[in-house]
Amino acid sequence: MPDFLFRNGTVLTSDGPTQADVVVSGDRIVAIGPAGDAHEHGSDARELRCDGMWIGPGFVDIHTHLREPGQQYKEDIESGSQAAAAGGYTAMLAMPNTEPPIDSGHLVRYVLDRGRQVGLVDVAVAGCVTAERAGKRLAHLDDLWAAGARVFTDDGDVVADAGLLRRAMEYLAQLGGVLSQHAIDPGLARHGHMHEGAVASALGMYAIPAAAETIVVARDLELVRMTGCSYHVQHLSAAATIPLLAAAKEEGLPVTAEVTPHHLAFTDEEVITTDPVFKMMPPLRAEADRAGLVEGLRSGVIDAVATDHAPHADHEKDVPFEDAPNGVIGLEWAAAVVNEVVGLEPVRFFEAMSVRPAAIARLDGQGQWLRPGGPAHITVFDPAGVTIGERSRSKSRNSPYLGRRYAGAVRYTMYAGELTFQESGVPA
Amino acid sequence: MVGGCTVKNFLTTEDLTREDLTRLLDTADGMVSLLQRDIAKAPALRGKTVASLFFEPSTRTRLSFEKAAKALSADTVSFAAAASSLSKGESLKDTVLTVQALGVDLMVVRHKAIGAPGRVAEWVDVPVINAGDGAHQHPTQALLDSLTLRQHFGTLDGVRIGIVGDIRHSRVARSGVYAFSTLGATVTLVAPPTLLPIAGEDWPAETTSEFDAVLTDLDAVYLLRVQTERGGASVFPSLREYTARFGLTAERFGRLKPDAVVLHPGPMIRGVEIDAVVADDPRALVLDQVRNGVAARMAVLYHLLGGDGDA
C-alpha cells in the first residue's frame, strides 16, 4: 500500500533526470513513472505536488557540529537533527570536537544511539585522529572503526605533525577509512582571526594568509602518495588550493574536498564591521578566492557542499571579534545559498549536496539517485522558491544568513519514508 | 561626525573629512587658550557624566581624558579592568550596559580587541569615544598630533611626515595616516619589512625600509615605540639591529632639516627608537603632544555632548 506520491517533478534517477512521479511505500521507493501514471499504484496515498521542483536524494552534510556530548547549551543531537531536516538533510556526519572529544568507541556508540533515538536523520560521527584531539599520539583508531566511525579528523585543529599524520594514514589506508584534514598551517595562522588582505591591514588585525591552507594540502598530498589513504580536505577556502586538488585527482589519488556555503557567499569585506557572525575558521577570503570556489564546485574539483554548522550561544558571539569563537550555523539555509550563489543544474546540485558527500563519508543507504526499490530518503527542492533566514530550529543563532533572502527553497524532506519537514504554507 | 552631528561616536579617523578635522582642531585651539587661563575651567558640560572605561592599562590617555572632562566641568566615573567585575567573568556587554544604567552621558572606551568600542557603541545609547582598540585606531591621538603639527607649521598642507617603527601593529599609525593625509600632509611609513603593513596598498602613504634614504626630506619624524609585548621579539633580528637601522640616533637627528621636528606618542624607550639627546631636544615635541592631548579631547567631548556656541 503506497503512502506518499510525489507528483510531477524533475526526478533525479540513476538513469538521469526525468519528469515523473515518485511513489513511496514504507521506507522504500516503489515506483518512478511518467507523471500521471504512478497514482494508479493507489488512490489513498498522500499526494505532494512538485510542479517545477526537483525530487532527489536527501541531502547529506559531512561537516556538522552537534556539540553533544558536552556543550548541549549550544546544540544537541535533537535540535541539530531538526535543523538538518528543515534544511533538506537526511544524513549528517557529526564532528568529534565535543567534550570529551570522540576518541574512543564508546563515544561513537553514544552519538549513534542518540541519533537513532531522535530518528529524524541518519547521524554518523567522525572519530578523532589523535587521542584527546591533542595532536600527540594516535587515537584508538581500531576501536573507533569497530564502533562505526569511517571518517577521522581532528577538525578544529590540523594534524600538524607530518610523521604522526603519516602513521594515521597508513593505519586508515589498511582499515579503509578517510583522513579528513582541517588544513591550516598553525605557524602561519598563529594569532590570526581573519584573512590576510587589505581589510585585515586596515583593521590592524592579525591575519591568516591563504597559503596556510595550500601549504598543508600540498604536504598532505605527498603523504597520500606514500600511503594510499583516502584524503578529504575540509572547508576549502583558498583558490590556490584548487589546482593542487585537480592535479591530484587527475593523477588518480583518492582525494576529495568540500566547501561551505559561507565561503561561497561571503568575502573578508564583511569583516570590516567586526561583527563576529563573520568569524569562522578558515576565514572568509578574498573575492578571487570566493569566485574560484564557486567555479571549483561547478566543475566538480570540489566534490561536495558541507555546512560546517557550528553553533555558539549568543553570549559567546556577543563580544568583540577577536574574543569570539569561530563558526556559524547554516543547515537550514545551505541549499538555497548554494542555489543562489552557484546556480547549479539539478544533477550537479544533488551530486554536491547528496551523492558525493555520502560517498566520501561512506554513508551506506544515503546519497543514492532515486530508483524503484531504493531507500526513501528524498528531498524536494523548489528552485523557484525563496528562503528567508529566520528563526532557526538550532539552539543557536550565530548565522550570517539571518535576515537575508535566497532563491530556492526546500519544500519536503523525507527520511526513511517519513516526512521530517514540509515547508509551512505548502498545502499538505 | 562634527558639523551636522549625524554620527554620534568618535571611533576612527578613516571616515573623517577635512572639514570635520579642521573644525575639531579649531575648537581645540580654543581649548588650548582656555587651559592657559588662571582658572582653566569652563562650564560647558556641567551636569554631564563621562565614563572612562579602560579595559587595557593606560596612564596618559586615561588621565588626559579625565582632565579634559573636568576642565569642561563634566563629572567623571572611571573603571579599571583589574578591579572590576570583569575579573569575576562579567562580559563586556553586561559591563557597559551596567555602566549605562548608572546614568552616564558618554563612554570613553579602550580595549585590546579591535572593534570593541564600535561593538559597545552598538549596545549603548550614549556616544562612545575610541581611546584605542588593539592595533586598529586611536583617533584622539591623531587629533592631538595634528594639533601639535598645525601649531608648529601653521598647516599640514605639504608637510612631509615620516612615521617610523612598528606600523603593522600600531593604532597610532593607522589613525595618524588617515588624519594627516586628509589634512594635506604627505606620509611615508618607515619600518623593516616585517613591521610594514601587509596588503597596505590602500593606505594613503608611501612605504620604505630605508630610513636614511628619506631622512633629509622629512619635516616631521614620528617615532613609534617598539612593541615587544605584541610579538616584537620575533619580527626583527635584534633590538640593536633595529636601533642601527631605524632608531633616531643623534647622528641621524643631525642630518634632519634644521627646522624638522620629532614626535612620539609615548612611552618612549630611550636608546631604542630615540636617542636620549634627541628626546630632550627642544625640537622634540613630545610634551607639547601631551599638553595638546587634553585640548584635543576637550574638543571631541564638547562636540559629541552637543555643546554649541563658545566653550
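## Basis of the model

This is a predicted model, in which local features need pLDDT of at least 70 and side-chain atom pairs count only at pLDDT 80 or more, whereas totals for chains, interfaces and linings use all residues. Residues are numbered from 1 along each chain as its sequence is written, while chains are lettered from A and ligands numbered from 1 in the order in which they are written.

Helices and strands are DSSP runs numbered from the N terminus, a helix being H or I over at least four residues and a strand being E over at least two. A residue is called buried if 20 or more other C-beta atoms lie within 10 Å of its own, exposed if 12 or fewer do, and partly exposed in between, with C-beta atoms placed from the backbone. Nine of the ten residues of α1(A), which spans residues 77–86, are buried, so this helix is largely enclosed by the rest of the structure. Among these buried residues are A:Ile77, A:Gln82 and A:Ala86. Their cover, judged by contacts (C-beta atoms, placed from the backbone, within 7 Å), includes β6 (59–64), β7 (89–94), α2 (105–118), β8 (122–125), β17 and β18 of chain A.

A:Tyr412 stands opposite A:Gln422 in β18(A), and in the hairpin, which has two residues between the strands, A:Ala416 takes a positive phi near 50 degrees.

## Backbone features in loops

Chain A contains a cis peptide bond between A:Glu68 and A:Pro69, with omega about 10 degrees, and A:Pro69 is found in the loop between β6 and α1 of chain A. Another cis peptide bond joins A:Met281 and A:Pro282, with omega about -5 degrees; A:Pro282 lies in the loop between α9 (261–265) and α10 (287–299) of chain A.

A:Asp308 has a phi of about 50 degrees in the loop between β15 (304–305) and α11 (314–317) of chain A, and it counts as buried with 28 C-beta neighbours inside 10 Å. B:Ala199 likewise has a positive phi of about 50 degrees, in the loop between β6 and β7 of chain B, but B:Ala199 is partly exposed, with 17 other C-beta atoms within 10 Å.

## Overall build of chain B

Chain B has eleven helices and nine strands. Its radius of gyration, taken over C-alpha atoms, is 19 Å, close to the 19 Å that the globule rule gives for 311 residues, so chain B is as compact as a globular protein of that length; the rule is 2.2 Å times the number of residues to the power 0.38. Buried residues make up 48% of the 311 residues, and residues 24 or more positions apart account for 74% of the contacts with a separation of 6 or more.

## The two parallel sheets of chain B

An open sheet of four strands has the order β2-β1-β3-β4 in chain B, with parallel pairing; its edge strands are β2 (75–80) and β4 (128–133), each of which pairs on one side only. Six bridges join β1 (49–54) to β2(B), and B:Val50 has B:Thr76 as its bridge partner. Helix α2 (60–71) of chain B lies across β1, β2, β3 (106–111) and β4, running at about 180 degrees to β1(B), where axes are lines fitted to C-alpha atoms, for helices over the stretch in contact, and angles run from 0 to 180 degrees between N-to-C directions.

Five strands form another open sheet with parallel pairing, in the order β7-β6-β5-β8-β9. Here β7 (206–208) and β9 (261–263) of chain B stand at the edges with a single partner strand each, so one side of each is left without a neighbour in the sheet. Strands β6 (186–190) and β7 of chain B pair over three bridges, with B:Thr188 opposite B:Glu206.

How values were computed: Pairing = 2+ DSSP bridges. Contact = placed C-beta atoms within 7 Å.
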